[in-house]
Amino acid sequence: MSEEQTVSLVDVLEEDEELEEEASAVLAGSDADHCSYPQGYVKRQALYACNTCTPKGGEPAGMCLACSYTCHEGHELFELYTKRNFRCDCGNGKFTELQCKLHPVKDEVNSMNKYSQNFFGLYCTCNRPYPDPDDQDEMIQCVMCEDWLHSRHLGCVVPDSVELQEMICESCMNKNPFLWTYAAHLAVPGEAVQVKEETGADSIFTDQQPIINQVDDVTEPTFKRRREEAESSCRLEELHSSGQKRVQSGAVFWPSTWRSKLCSCNSCQRLSQAGLSFLLDESDTVFAYEKKGKNNEQKEKGNDPLMSALDNLNRVQQLEIIHGYNDMKTELKDFLQRFAAEGKVVTSEDIRQFFEQQQTRKRRRVDAGGFYCT
(Lines give C-alpha, C1' and ligand atoms only; values in the text may rest on other atoms or scores of the structure.)
Protein backbone atom coordinates (compact mmCIF):
# COMPACT_ATOMS: atom_id res chain seq x y z
CA MET A 1 0.00 0.00 0.00
CA SER A 2 1.55 3.29 -1.10
CA GLU A 3 1.65 6.20 1.30
CA GLU A 4 -0.63 9.10 0.52
CA GLN A 5 1.33 12.06 -0.82
CA THR A 6 1.23 15.01 1.58
CA VAL A 7 1.84 18.68 0.88
CA SER A 8 3.26 20.86 3.64
CA LEU A 9 2.06 24.35 4.37
CA VAL A 10 5.48 25.61 3.28
CA ASP A 11 4.88 24.15 -0.16
CA VAL A 12 1.45 25.73 -0.27
CA LEU A 13 2.79 29.13 0.77
CA GLU A 14 5.57 29.00 -1.82
CA GLU A 15 3.14 28.00 -4.56
CA ASP A 16 0.69 30.71 -3.50
CA GLU A 17 3.48 33.28 -3.63
CA GLU A 18 4.36 32.25 -7.21
CA LEU A 19 0.70 32.38 -8.26
CA GLU A 20 0.29 35.76 -6.59
CA GLU A 21 3.28 37.13 -8.49
CA GLU A 22 1.89 35.81 -11.79
CA ALA A 23 -1.55 37.27 -11.06
CA SER A 24 -0.03 40.60 -10.04
CA ALA A 25 1.92 40.75 -13.31
CA VAL A 26 -1.32 40.35 -15.28
CA LEU A 27 -3.70 42.41 -13.15
CA ALA A 28 -1.36 45.22 -12.11
CA GLY A 29 -1.06 46.25 -15.75
CA SER A 30 -4.78 47.08 -15.77
CA ASP A 31 -6.86 49.57 -13.75
CA ALA A 32 -8.91 47.82 -11.06
CA ASP A 33 -10.95 50.93 -10.16
CA HIS A 34 -11.98 52.60 -13.41
CA CYS A 35 -13.69 51.21 -16.51
CA SER A 36 -11.26 51.18 -19.44
CA TYR A 37 -13.97 52.13 -21.98
CA PRO A 38 -12.98 55.86 -22.16
CA GLN A 39 -9.49 54.78 -23.24
CA GLY A 40 -10.91 53.30 -26.44
CA TYR A 41 -9.42 50.13 -27.85
CA VAL A 42 -6.78 49.43 -25.22
CA LYS A 43 -3.47 48.15 -26.53
CA ARG A 44 -3.50 45.24 -24.07
CA GLN A 45 -5.50 44.62 -20.91
CA ALA A 46 -6.81 41.88 -18.63
CA LEU A 47 -10.26 40.77 -19.82
CA TYR A 48 -13.17 38.70 -18.56
CA ALA A 49 -16.34 37.25 -20.04
CA CYS A 50 -19.52 36.74 -18.01
CA ASN A 51 -21.38 33.46 -18.43
CA THR A 52 -24.18 34.84 -16.26
CA CYS A 53 -24.90 37.84 -18.50
CA THR A 54 -23.81 36.54 -21.92
CA PRO A 55 -24.07 32.73 -21.90
CA LYS A 56 -23.18 30.47 -24.79
CA GLY A 57 -25.62 30.83 -27.64
CA GLY A 58 -25.80 34.59 -27.25
CA GLU A 59 -23.54 37.44 -28.30
CA PRO A 60 -19.95 37.21 -27.03
CA ALA A 61 -18.81 40.12 -24.87
CA GLY A 62 -15.83 41.04 -22.75
CA MET A 63 -15.30 43.39 -19.85
CA CYS A 64 -12.32 45.09 -18.24
CA LEU A 65 -10.84 44.25 -14.85
CA ALA A 66 -12.66 47.03 -12.99
CA CYS A 67 -16.07 46.04 -14.38
CA SER A 68 -15.46 42.40 -13.49
CA TYR A 69 -15.07 43.54 -9.87
CA THR A 70 -17.79 46.17 -9.67
CA CYS A 71 -20.49 45.19 -12.17
CA HIS A 72 -20.18 41.39 -12.22
CA GLU A 73 -19.53 40.54 -8.59
CA GLY A 74 -20.89 37.09 -7.80
CA HIS A 75 -21.32 36.19 -11.48
CA GLU A 76 -19.77 33.22 -13.26
CA LEU A 77 -16.77 34.73 -15.04
CA PHE A 78 -14.31 33.37 -17.57
CA GLU A 79 -10.80 34.73 -17.12
CA LEU A 80 -9.41 35.54 -20.57
CA TYR A 81 -5.90 36.53 -19.44
CA THR A 82 -5.07 39.47 -21.74
CA LYS A 83 -6.29 40.53 -25.18
CA ARG A 84 -5.05 43.27 -27.49
CA ASN A 85 -6.98 46.19 -28.99
CA PHE A 86 -10.18 45.57 -27.05
CA ARG A 87 -12.78 48.01 -25.74
CA CYS A 88 -14.85 47.15 -22.70
CA ASP A 89 -18.36 45.87 -23.58
CA CYS A 90 -19.82 45.98 -20.07
CA GLY A 91 -23.41 47.24 -20.16
CA ASN A 92 -23.57 47.90 -23.91
CA GLY A 93 -26.17 46.50 -26.32
CA LYS A 94 -24.99 42.94 -25.76
CA PHE A 95 -26.24 43.07 -22.16
CA THR A 96 -30.03 43.03 -21.91
CA GLU A 97 -30.40 43.41 -18.15
CA LEU A 98 -27.17 45.00 -16.94
CA GLN A 99 -25.95 48.57 -16.93
CA CYS A 100 -22.32 49.40 -16.29
CA LYS A 101 -21.91 51.03 -12.89
CA LEU A 102 -18.58 52.65 -13.73
CA HIS A 103 -19.23 54.06 -17.21
CA PRO A 104 -22.90 53.55 -18.18
CA VAL A 105 -22.81 55.54 -21.44
CA LYS A 106 -21.40 53.26 -24.15
CA ASP A 107 -21.93 52.59 -27.85
CA GLU A 108 -24.27 49.70 -28.62
CA VAL A 109 -21.37 47.61 -29.94
CA ASN A 110 -17.60 47.91 -30.25
CA SER A 111 -17.21 47.02 -33.90
CA MET A 112 -13.42 46.63 -33.80
CA ASN A 113 -13.43 44.08 -30.98
CA LYS A 114 -12.49 40.54 -31.96
CA TYR A 115 -14.15 37.57 -30.29
CA SER A 116 -13.54 33.85 -30.17
CA GLN A 117 -14.69 30.73 -28.39
CA ASN A 118 -12.65 31.94 -25.41
CA PHE A 119 -15.47 34.33 -24.52
CA PHE A 120 -17.66 31.29 -23.80
CA GLY A 121 -14.98 29.59 -21.72
CA LEU A 122 -13.69 27.24 -24.44
CA TYR A 123 -10.12 26.92 -25.65
CA CYS A 124 -7.87 25.06 -28.09
CA THR A 125 -8.87 23.13 -31.21
CA CYS A 126 -10.54 20.60 -28.90
CA ASN A 127 -12.97 23.22 -27.49
CA ARG A 128 -12.31 22.37 -23.86
CA PRO A 129 -12.83 24.60 -20.79
CA TYR A 130 -10.07 25.92 -18.57
CA PRO A 131 -9.42 24.99 -15.88
CA ASP A 132 -10.33 21.48 -17.00
CA PRO A 133 -10.61 18.85 -14.23
CA ASP A 134 -10.22 16.11 -16.85
CA ASP A 135 -7.16 17.55 -18.58
CA GLN A 136 -4.01 18.89 -16.92
CA ASP A 137 -1.98 19.33 -20.13
CA GLU A 138 -0.02 22.58 -20.43
CA MET A 139 -1.69 25.31 -22.49
CA ILE A 140 0.20 27.93 -24.54
CA GLN A 141 -1.24 31.10 -26.07
CA CYS A 142 -0.87 31.96 -29.75
CA VAL A 143 0.34 35.55 -30.11
CA MET A 144 -1.85 36.14 -33.17
CA CYS A 145 -5.32 34.63 -32.55
CA GLU A 146 -4.65 34.71 -28.77
CA ASP A 147 -6.36 31.35 -28.27
CA TRP A 148 -4.82 28.87 -25.84
CA LEU A 149 -3.82 25.44 -27.13
CA HIS A 150 -2.82 22.23 -25.35
CA SER A 151 0.81 21.39 -25.99
CA ARG A 152 -0.18 18.03 -27.48
CA HIS A 153 -2.35 19.80 -30.07
CA LEU A 154 0.39 22.09 -31.38
CA GLY A 155 1.75 19.61 -33.92
CA CYS A 156 5.32 20.16 -32.79
CA VAL A 157 7.68 19.52 -29.89
CA VAL A 158 7.49 22.32 -27.31
CA PRO A 159 11.02 23.74 -26.84
CA ASP A 160 12.68 24.38 -23.49
CA SER A 161 12.24 27.78 -21.82
CA VAL A 162 8.94 28.25 -23.62
CA GLU A 163 8.02 31.05 -21.19
CA LEU A 164 10.70 33.21 -22.84
CA GLN A 165 9.34 32.67 -26.35
CA GLU A 166 6.24 33.43 -28.40
CA MET A 167 4.15 30.92 -30.33
CA ILE A 168 2.07 31.17 -33.51
CA CYS A 169 -0.32 28.27 -34.06
CA GLU A 170 -0.41 26.34 -37.33
CA SER A 171 -3.80 27.78 -38.29
CA CYS A 172 -2.53 31.37 -38.08
CA MET A 173 0.65 30.45 -39.95
CA ASN A 174 -1.37 28.97 -42.80
CA LYS A 175 -3.67 32.01 -42.95
CA ASN A 176 -0.55 34.13 -43.51
CA PRO A 177 1.77 31.92 -45.64
CA PHE A 178 4.54 34.53 -45.89
CA LEU A 179 5.23 33.88 -42.18
CA TRP A 180 6.70 30.49 -43.13
CA THR A 181 9.53 32.37 -44.88
CA TYR A 182 10.31 34.18 -41.66
CA ALA A 183 9.99 30.91 -39.74
CA ALA A 184 12.68 29.23 -41.86
CA HIS A 185 15.17 31.88 -40.75
CA LEU A 186 14.03 33.35 -37.44
CA ALA A 187 12.03 30.69 -35.59
CA VAL A 188 13.26 28.38 -32.86
CA PRO A 189 14.43 25.17 -34.57
CA GLY A 190 12.52 22.00 -33.83
CA GLU A 191 11.75 18.62 -35.29
CA ALA A 192 9.84 20.22 -38.17
CA VAL A 193 12.84 22.28 -39.33
CA GLN A 194 14.58 21.26 -42.55
CA VAL A 195 17.63 22.77 -44.24
CA LYS A 196 17.98 23.58 -47.90
CA GLU A 197 18.96 20.67 -50.12
CA GLU A 198 22.37 20.71 -51.79
CA THR A 199 22.17 22.25 -55.28
CA GLY A 200 25.86 22.51 -56.12
CA ALA A 201 29.22 23.75 -54.93
CA ASP A 202 27.89 27.26 -54.38
CA SER A 203 25.27 26.17 -51.86
CA ILE A 204 25.70 27.91 -48.51
CA PHE A 205 23.61 25.35 -46.58
CA THR A 206 24.66 21.85 -45.65
CA ASP A 207 23.01 19.08 -43.68
CA GLN A 208 25.46 19.73 -40.85
CA GLN A 209 24.54 23.40 -40.40
CA PRO A 210 21.82 24.09 -37.79
CA ILE A 211 19.25 26.66 -38.82
CA ILE A 212 19.43 28.51 -35.51
CA ASN A 213 22.77 30.13 -36.45
CA GLN A 214 22.43 30.45 -40.20
CA VAL A 215 20.75 33.85 -40.21
CA ASP A 216 23.52 35.50 -38.24
CA ASP A 217 26.54 33.56 -39.46
CA VAL A 218 25.75 32.88 -43.11
CA THR A 219 22.98 34.97 -44.60
CA GLU A 220 23.88 38.28 -42.96
CA PRO A 221 26.87 38.95 -45.27
CA THR A 222 24.52 38.35 -48.21
CA PHE A 223 22.10 40.91 -46.77
CA LYS A 224 24.94 43.37 -46.28
CA ARG A 225 26.06 43.09 -49.89
CA ARG A 226 22.51 43.54 -51.13
CA ARG A 227 21.97 46.57 -48.91
CA GLU A 228 25.01 48.14 -50.51
CA GLU A 229 23.36 47.59 -53.90
CA ALA A 230 19.96 48.87 -52.80
CA GLU A 231 19.55 50.78 -49.53
CA SER A 232 15.81 50.17 -49.23
CA SER A 233 15.71 46.43 -49.98
CA CYS A 234 12.93 44.21 -48.69
CA ARG A 235 14.11 41.89 -45.94
CA LEU A 236 11.28 39.43 -46.57
CA GLU A 237 12.24 39.12 -50.25
CA GLU A 238 15.87 38.62 -49.28
CA LEU A 239 14.92 35.78 -46.94
CA HIS A 240 12.66 34.24 -49.57
CA SER A 241 15.31 34.39 -52.30
CA SER A 242 17.84 32.55 -50.12
CA GLY A 243 15.84 29.37 -50.69
CA GLN A 244 16.03 28.22 -47.08
CA LYS A 245 13.02 26.03 -46.31
CA ARG A 246 11.06 24.73 -43.34
CA VAL A 247 8.36 22.09 -43.16
CA GLN A 248 5.12 24.04 -43.15
CA SER A 249 3.26 22.19 -40.43
CA GLY A 250 2.78 22.53 -36.71
CA ALA A 251 2.96 25.55 -34.45
CA VAL A 252 6.05 27.77 -34.60
CA PHE A 253 7.99 29.10 -31.62
CA TRP A 254 9.93 32.34 -31.92
CA PRO A 255 12.81 33.72 -29.81
CA SER A 256 12.44 36.93 -27.84
CA THR A 257 14.08 39.15 -30.50
CA TRP A 258 12.24 37.88 -33.58
CA ARG A 259 9.86 40.86 -33.94
CA SER A 260 12.74 43.30 -34.41
CA LYS A 261 13.87 41.30 -37.48
CA LEU A 262 10.57 41.55 -39.39
CA CYS A 263 10.46 43.69 -42.52
CA SER A 264 8.60 47.01 -42.35
CA CYS A 265 9.60 48.44 -45.74
CA ASN A 266 7.11 50.29 -47.92
CA SER A 267 7.49 47.91 -50.84
CA CYS A 268 5.98 44.80 -49.23
CA GLN A 269 3.79 45.95 -46.32
CA ARG A 270 2.77 42.32 -45.85
CA LEU A 271 2.16 42.73 -42.13
CA SER A 272 -0.02 45.84 -42.40
CA GLN A 273 -2.02 44.40 -45.31
CA ALA A 274 -2.70 41.27 -43.25
CA GLY A 275 -3.70 43.32 -40.21
CA LEU A 276 -0.60 42.19 -38.34
CA SER A 277 1.14 45.50 -37.75
CA PHE A 278 1.12 44.74 -34.02
CA LEU A 279 3.89 42.20 -34.65
CA LEU A 280 6.25 45.11 -35.38
CA ASP A 281 5.54 46.53 -31.92
CA GLU A 282 7.66 44.80 -29.28
CA SER A 283 5.65 46.49 -26.52
CA ASP A 284 2.64 44.50 -27.77
CA THR A 285 4.04 41.31 -26.23
CA VAL A 286 2.57 39.75 -23.11
CA PHE A 287 6.08 39.86 -21.64
CA ALA A 288 6.17 43.67 -22.01
CA TYR A 289 2.68 43.96 -20.49
CA GLU A 290 3.61 41.79 -17.51
CA LYS A 291 6.83 43.75 -17.01
CA LYS A 292 4.74 46.91 -16.83
CA GLY A 293 2.45 45.21 -14.30
CA LYS A 294 5.39 44.17 -12.13
CA ASN A 295 6.78 47.71 -12.20
CA ASN A 296 3.39 49.07 -11.12
CA GLU A 297 3.28 46.51 -8.33
CA GLN A 298 6.73 47.56 -7.12
CA LYS A 299 5.64 51.21 -7.06
CA GLU A 300 2.60 50.31 -4.98
CA LYS A 301 4.77 48.34 -2.57
CA GLY A 302 6.95 51.43 -2.28
CA ASN A 303 3.89 53.23 -0.92
CA ASP A 304 3.15 50.51 1.64
CA PRO A 305 0.88 51.93 4.40
CA LEU A 306 2.82 49.92 7.00
CA MET A 307 6.08 51.58 6.00
CA SER A 308 4.38 54.99 6.06
CA ALA A 309 3.13 54.25 9.58
CA LEU A 310 6.64 53.30 10.69
CA ASP A 311 7.90 56.69 9.54
CA ASN A 312 5.57 58.34 12.05
CA LEU A 313 6.97 56.38 15.04
CA ASN A 314 9.98 57.22 17.16
CA ARG A 315 13.18 55.22 16.95
CA VAL A 316 12.38 52.99 19.95
CA GLN A 317 8.94 52.05 18.61
CA GLN A 318 10.37 51.33 15.17
CA LEU A 319 12.99 48.99 16.62
CA GLU A 320 10.40 47.15 18.69
CA ILE A 321 8.10 46.58 15.70
CA ILE A 322 10.91 45.53 13.38
CA HIS A 323 12.36 43.20 15.98
CA GLY A 324 8.94 41.63 16.63
CA TYR A 325 8.28 41.21 12.92
CA ASN A 326 11.63 39.56 12.24
CA ASP A 327 11.20 37.27 15.24
CA MET A 328 7.77 36.11 14.11
CA LYS A 329 8.92 35.65 10.51
CA THR A 330 11.87 33.48 11.55
CA GLU A 331 9.91 31.48 14.09
CA LEU A 332 6.98 30.89 11.72
CA LYS A 333 9.36 29.64 9.04
CA ASP A 334 11.09 27.29 11.49
CA PHE A 335 7.71 26.15 12.81
CA LEU A 336 6.39 25.24 9.35
CA GLN A 337 9.63 23.63 8.25
CA ARG A 338 9.38 21.15 11.13
CA PHE A 339 6.02 20.00 9.82
CA ALA A 340 7.40 19.81 6.27
CA ALA A 341 10.39 17.73 7.37
CA GLU A 342 8.15 15.28 9.23
CA GLY A 343 5.48 15.21 6.51
CA LYS A 344 2.82 16.31 8.98
CA VAL A 345 -0.31 18.32 8.28
CA VAL A 346 -0.65 21.65 10.11
CA THR A 347 -3.86 21.77 12.12
CA SER A 348 -5.78 24.73 13.54
CA GLU A 349 -4.65 23.62 17.02
CA ASP A 350 -1.00 23.84 15.91
CA ILE A 351 -1.56 27.39 14.66
CA ARG A 352 -3.34 28.36 17.89
CA GLN A 353 -0.44 27.05 19.98
CA PHE A 354 2.09 28.90 17.81
CA PHE A 355 0.43 32.28 18.37
CA GLU A 356 -0.03 31.58 22.07
CA GLN A 357 3.73 31.08 22.28
CA GLN A 358 4.20 34.35 20.42
CA GLN A 359 2.01 36.17 22.94
CA THR A 360 3.95 34.63 25.85
CA ARG A 361 7.27 35.76 24.39
CA LYS A 362 5.86 39.22 23.77
CA ARG A 363 4.84 39.54 27.43
CA ARG A 364 8.34 38.45 28.49
CA ARG A 365 9.93 41.16 26.32
CA VAL A 366 7.61 43.81 27.76
CA ASP A 367 8.43 42.72 31.33
CA ALA A 368 12.12 42.86 30.50
CA GLY A 369 11.86 46.51 29.56
CA GLY A 370 11.88 46.54 25.79
CA PHE A 371 14.60 48.06 23.62
CA TYR A 372 16.44 51.31 24.00
CA CYS A 373 18.31 53.47 21.52
CA THR A 374 21.53 55.17 22.55
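**Reading the labels**

Reply: Leaving aside its neighbours within four places in sequence, H72 is in contact with C50, C53, M63, C67, L77, C90, F95 and L98. H72 itself is in the loop between α2 (65-70) and β3. Bear in mind that this is a predicted model.

Me: What makes those residues contacts of H72?

Reply: Distance decides. Contact requires heavy atoms within 4.5 Å. C50, C53, M63, C67, L77, C90, F95 and L98 are in contact with H72.

Me: Why is H72 called buried?

Reply: The cut-off for buried is under 20% relative accessible area. H72 has 1% relative accessibility, so H72 counts as buried.

Me: Why is K101 called exposed?

Reply: Exposed means over 50%. K101 comes out at 61% relative accessibility, so K101 counts as exposed. K101 lies in the loop between β3 and β4 (139-141). Leaving out residues up to four places away in sequence, K101 touches T70 and C71.

Me: Which distance separates the C-alpha atoms of K101 and C35?

Reply: They are separated by 9.0 Å, with K101 and C35 lying 66 residues apart along the chain.

Me: Why is N127 called partly exposed?

Reply: N127 has a relative accessible area of 42%, so N127 is partly exposed. N127 is in the loop between β3 and β4. N127 also has a positive phi of about 55 degrees, although N127 is not a glycine.

Me: Where is Y81, and what is its phi?

Reply: Y81 is in strand β3. Y81 has a positive phi of about 65 degrees and is not a glycine.

Me: Which residues does the cis peptide bond join?

Reply: Y130 and P131 are joined by a cis peptide bond, with omega about -5 degrees. P131 sits in the loop between β3 and β4.

Me: Why is A274 called partly exposed?

Reply: A274 has a relative accessible area of 33%, which falls between the 20% and 50% limits, so A274 is partly exposed. A274 is in the loop between α7 and α8. Beyond its neighbours within four places in sequence, A274 is in contact with N176 and F178. The C-alpha atoms of A274 and K175 are separated by 9.3 Å, and these two residues are 99 apart along the chain.

Me: Is D284 buried or exposed?

Reply: The limit for buried is under 20%. D284 has 3% relative accessibility, so D284 counts as buried. D284 is found in the loop between α7 (270-273) and α8 (286-302).

Me: What makes the pair D284 and R84 a polar contact?

Reply: A polar contact needs a pair of N or O atoms within 3.5 Å. The side chains of D284 and R84 make theirs at 2.9 Å. Apart from neighbours within four places in sequence, D284 is in contact with K43, R44, R84, R259 and F278.

Me: How do you know that α4 is mostly covered?

Reply: Eight of its eight residues are buried. They are L179, W180, T181, Y182, A183, A184, H185 and L186.

Me: What makes a set of residues a nonpolar core, and how many residues has the largest?

Reply: The largest nonpolar core has 48 residues. Those with the most contacts inside this core are M144, M167, I168, M173, Y182 and W254. Helix α4 (residues 179-186) gives the largest share, five residues. Apart from this core lies another, of 16 residues, including Y48, M63, C90 and F95.

Me: Which residues line the second largest pocket nearest its centre?

Reply: K114, M144, C145, E146 and C172 lie nearest the centre, in a lining of 31 residues. The elements giving two or more residues to this lining are β3 (77-86) and α3 (170-175). The lining divides into 15 nonpolar, nine polar and seven charged residues. The volume of the second largest pocket is about 800 Å³.

Me: How many helices and strands does the protein chain have?

Reply: The protein chain has eleven helices and seven strands. Buried residues make up 39% of its 374 residues.

Conventions
Residues are numbered from 1 along each chain as its sequence is written. This is a predicted model: local features need pLDDT of at least 70, side-chain atom pairs count only at pLDDT 80 or more; totals for chains, interfaces and linings use all residues. Side-chain values use heavy atoms; hydrogens and water are left out. Helices (H or I, at least four residues) and strands (E, at least two) are DSSP runs, numbered from the N terminus. Buried means under 20% relative accessible area, exposed over 50%, partly exposed in between (1.4 Å probe, protein chains only). A polar contact is a pair of N or O atoms within 3.5 Å; within protein, one must be able to donate a hydrogen and the other to accept it, and residues adjacent in sequence count only if both atoms are side-chain atoms. A nonpolar core is a set of buried Ala, Val, Leu, Ile, Met, Phe, Trp, Tyr and Cys residues joined through side-chain atoms within 4.5 Å. On a 1 Å grid over the protein atoms alone, a cavity is a set of points where a 1.4 Å probe fits but cannot get out, and a pocket is an open set with protein on both sides within 12 Å along at least five of seven lines; lining residues have an atom within 4 Å of a point. Grid points are joined across faces, edges and corners, and a volume is the space filled by probe spheres set on the points. Ala, Val, Leu, Ile, Met, Phe, Trp, Tyr, Cys and Pro count as nonpolar, Asp, Glu, Lys and Arg as charged, and the others, Gly among them, as polar.
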